[in-house]
Amino acid sequence: MPNKGNKTTEANQPSKDNLRWFDDMDEVLLNALAEEALKGNRHDGSSTTEAYANAVKTLSIAIGPHIAKNHIKNRMKTLKDHFVEAYDLFHHLSGFAWNSVTRKFEAEEEV
């Protein structure tokens, strides 16, 4: 009987359509896209086709060949949504600030 509830293979492994992201994968992705932006492969706030192709290649080497452009686009949407939620939560509160070096929100000692 086919499994309609989720996309898994018979070995109970996620199919290539589903990808579970981990922190180290996010780091590789963000570094790859930052490198592409430095190369000029980002225009008007959007990555170029070449940027995505290069990021897929980088991620495939670092993580595995199952990475596709749609995985990257979906993950970036998720990361942006998470950032906006956190930013909206903290940016009006006194004593909280985003540290672009550590890529974390920080609070003053009093807070």
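Predicted model: local features only at pLDDT ≥ 70, side-chain atom pairs only at ≥ 80, totals over all residues.
Residues are numbered from 1 along each chain as its sequence is written, and side-chain values rest on heavy atoms, with hydrogens and water left out.

Two packed helices are described by the angle between their axes and the distance between the axes. Helices are DSSP runs of H or I with at least four residues, numbered from the N terminus; axes are lines fitted to C-alpha atoms over the stretch in contact, and angles run from 0 to 180 degrees between N-to-C directions. Helix α1 (residues 23-38) and helix α3 (residues 69-90) have axes that come within 12 Å and cross at roughly 100°, and α1 and α3 are therefore roughly perpendicular to each other, a label that covers angles of 65 to 115 degrees. In their contact (heavy atoms within 4.5 Å), Asp-26, Leu-29, Leu-30 and Leu-33 of α1 meet Ile-72, Arg-75, Met-76 and Leu-79 of α3. The residues of this contact of α1 with α3 comprise six nonpolar, no polar and two charged, where Ala, Val, Leu, Ile, Met, Phe, Trp, Tyr, Cys and Pro count as nonpolar, Asp, Glu, Lys and Arg as charged, and the others, Gly among them, as polar.

The axes of α2 and α3 approach within 9 Å and also cross at roughly 100°, which makes α2 roughly perpendicular to α3. Here Tyr-52, Ala-55, Val-56 and Leu-59 from α2 meet Lys-69, Ile-72 and Lys-73 from α3, and the residues of the contact divide into five nonpolar, no polar and two charged.

Leaving aside neighbours within four places in sequence, Leu-29 is in contact with Trp-21, Leu-59, Ile-72, Arg-75 and Met-76.

A search of the whole structure finds four salt bridges, each defined as a side-chain nitrogen of Lys or Arg within 4 Å of a carboxyl oxygen of Asp or Glu. Arg-75 forms a salt bridge with Asp-26, and the closest N and O atoms are 2.7 Å apart; because Arg-75 lies in helix α3 and Asp-26 in helix α1, the pair ties together parts that are 49 residues apart in sequence. Relative accessible area (1.4 Å probe, protein chains only) classes a residue as buried under 20%, exposed over 50% and partly exposed in between; Arg-75 is buried at 15%, and Asp-26 is buried at 9%. Lys-77 and Asp-81 meet in a further salt bridge (3.4 Å, N to O) and, being four residues apart in helix α3, are separated by about one helical turn. Lys-77 is exposed, with a relative accessible area of 51%, while Asp-81 is partly exposed at 36%. Salt bridges with shared partners join Glu-35, Glu-36 and Lys-39 into one network, in which the side chains of Glu-36 and Lys-39 meet at 3.2 Å, N to O, and Glu-36 is buried, with a relative accessible area of 4%.

Notes. Helix = DSSP H or I, 4+ residues; strand = E, 2+ residues; numbered from the N terminus. Parallel < 35°, antiparallel > 145°, perpendicular 65-115°, else oblique.
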